[in-house]
Amino acid sequence: MLGFLTARRAGLDDPLRLRRAESTRRVLGLQLNPDRDVDRIHGNGINTIDIEAVEGRYMLSGGADGVIVIYDLENFSGKLQYTCKAVCTIGRSSRYVHKFSVETVQWYPYDTGMFVSSSFDKTMKVWDTETLKPAEVFQFEGNVYCHHLSPIARKHSLIAVGTTNPKIQLCDLKSGSRIHILQGHRAEVLSVRWSPRYEHILATASADSKVKVWDVRRASGSLFTLDQHNGDKSKASSEAVNTAHNGRVNGLCFTGDGLYLLTTGTDDRMRLWNSATGENTLVNYGKVCNESRKRLQFTVSRGCSPEFVFVPCGSSVAVYTLHTGELVTMLRGHYNNVDCCEFHPDYQVSSSDLSPNNLGAQAVKFVLLLFCCCLVKHSACVDRIGSS
């Protein structure tokens, strides 16, 4: 590290190399920290979290109890031991609270004045952060499993929504209406993700074992369907042709540059695909335990070399090298199944959630690079993870 600092000071090296090397070193040195904690607000498991990209300061969480919480992650106390405070809560006493489990929360990509939540109460709500009231409510016929806004879109303001209906719904923030549907899946849509490289490209995953990639400007159907056998029919049974997994596909994640797409399925496999061609790169990650019946939120590091994948795996978070499939480490500390991971590129923080448990209370844990939201069996037990 001293060599990088010396070369940077002398102008002999690119400052980005220093940042990349330090980010990588910290990922490889993740450890528990007893000095960081987060207010425990949820009375049940946390299903989803999101960290806003503008300041990297505020985190949303959505729980199985229908409650939504906004946390301030900054430590202005000057003390080593610190508890991140909940700055506002949409709790059970609010007339606008979701009636059932919140499955996805997401900040508006360009400012913190708005965020979107979706729930098993068959609604998706667009919230005004100042008033904590929904500016728009979209009603659906079935439970909403997921939604996603494009992180880069300038020419559209579409929210892709996956429900128990096989048709993907496209909702327009500008008009406040559902303007289009994408047809092709044969079972509930469990995960949807916009490409961080091309604003009109959308990937969708379904319980029908398929992953489809769409250009929403086209009305003729999907661009292609991912095939785990890369078109080699000799390796596939007639039922397995053009399937991404041999089970429900419940997780999608693009790499930061949008060149690759990761998928997870209930066949306990994770696969890496070329997002432009749909080719299975055949990286072997081994068995990746996945018992979730809903969306599994996992994440990829940014600014590291090599890149790493953080995947919920039972009560732990598995860290893999993206392009080799090597299992780097298992991050342990949770008491129940982890359900969600989110990466913070500026503070080198990522976070993970647990599936709900009726007897649980929630704890949020910090790692150097990893936030962990955890469901514990006893409300008095709180794990804390922090940066070294």
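Predicted model: local features only at pLDDT ≥ 70, side-chain atom pairs only at ≥ 80, totals over all residues.
# Briefing: hairpins, aromatic pairs and a pocket

Strand 23 and strand 24 make a hairpin with two residues between them, and G314 in the turn has a positive phi of about 65°.

**Strand 24 and its neighbours**

- Strand 23 (residues 308-313) and strand 24 run antiparallel, with six bridges joining them.
- Across this pairing, F308 stands opposite T321 in strand 24.
- On to the next partner: strand 24 also runs antiparallel to strand 25 (residues 327-332), and five bridges join the two.
- Here Y320 stands opposite L327 in strand 25.
- The hairpin of strand 24 and strand 25 has five residues between the strands, and G325 in this hairpin takes a positive phi near 80°.
- How many residues of strand 24 are buried? Six of its six residues are, so the strand is mostly covered, given that buried means under 20% relative accessible area.
- In a regular strand the side chains alternate between the two faces of the sheet.
- Strand 24 is covered on both faces: S316, A318 and Y320 are buried on one side, and V317, V319 and T321 are buried on the other.

**Aromatic pairs**

- A pair of aromatic rings is described by the distance of the centres and the angle of the planes.
- The model has six aromatic pairs.
- One of them joins W107 and F115 in an edge-to-face arrangement, at 5.7 Å centre to centre with 70° between the planes.
- W107 and F115 are both buried, and together with W127 they form one aromatic cluster.
- Y285 and Y320 also form an edge-to-face pair, with 5.7 Å centre to centre and 85° between the planes.
- What does this tyrosine pair tie together? Y285 lies in the loop between strand 21 (269-274) and strand 22, while Y320 lies in strand 24 (residues 316-321), so the pair ties together parts that are 35 residues apart in sequence.
- Both tyrosines, Y285 and Y320, are buried.

**Backbone details in the loops**

- Most residues other than glycine have a negative phi, and most peptide bonds are trans.
- Where is there a cis peptide bond? One joins S305 and P306, with omega at about 5°.
- P306 lies in the loop between strand 22 and strand 23.
- D268 is not a glycine, yet its phi is positive, near 65°.
- The loop between strand 20 (260-265) and strand 21 holds D268, which is buried at a relative accessible area of 18%.
- L282 is another residue that is not a glycine but has a positive phi, about 65°.
- Is L282 buried or exposed? With 59% relative accessibility, L282 counts as exposed, and its place is in the loop between strand 21 and strand 22.
- T255 sits in the loop between strand 19 and strand 20 and is buried, with a relative accessible area of 1%.
- T255 and V309 are 54 residues apart along the chain, and their C-alpha atoms are separated by 9.3 Å.

**The largest pocket**

- The volume of the largest pocket is about 860 Å³.
- Its lining is made up of 41 residues, and those nearest the centre of the pocket are D50, P151, R193, R302 and E342.
- Several strands give two or more residues to this lining, including strand 2 (46-51), strand 7 (102-107), strand 11 (144-149) and strand 15 (189-194).
- Strand 19 (249-254), strand 22 (299-300) and strand 26 (338-344) are also among the elements giving two or more residues.
- Sorted by class, the lining of the largest pocket has 22 nonpolar, 12 polar and seven charged residues.

Conventions
Residues numbered from 1 in each chain as written. Heavy atoms only, no water. 1 Å grid on protein atoms, 1.4 Å probe; cavity = no way out; pocket = protein on both sides within 12 Å on 5 of 7 lines; lining within 4 Å. Points joined across faces, edges and corners; volume = space filled by probe spheres on them. Helix = DSSP H or I, 4+ residues; strand = E, 2+ residues; numbered from the N terminus. Nonpolar A, V, L, I, M, F, W, Y, C, P; charged D, E, K, R; others polar. Phe/Tyr/Trp six-rings, centres within 6.5 Å; stacked < 30°, edge-to-face > 60°. Buried < 20%, exposed > 50% of the residue type's maximum accessible area, 1.4 Å probe, protein only. Pairing = 2+ DSSP bridges.
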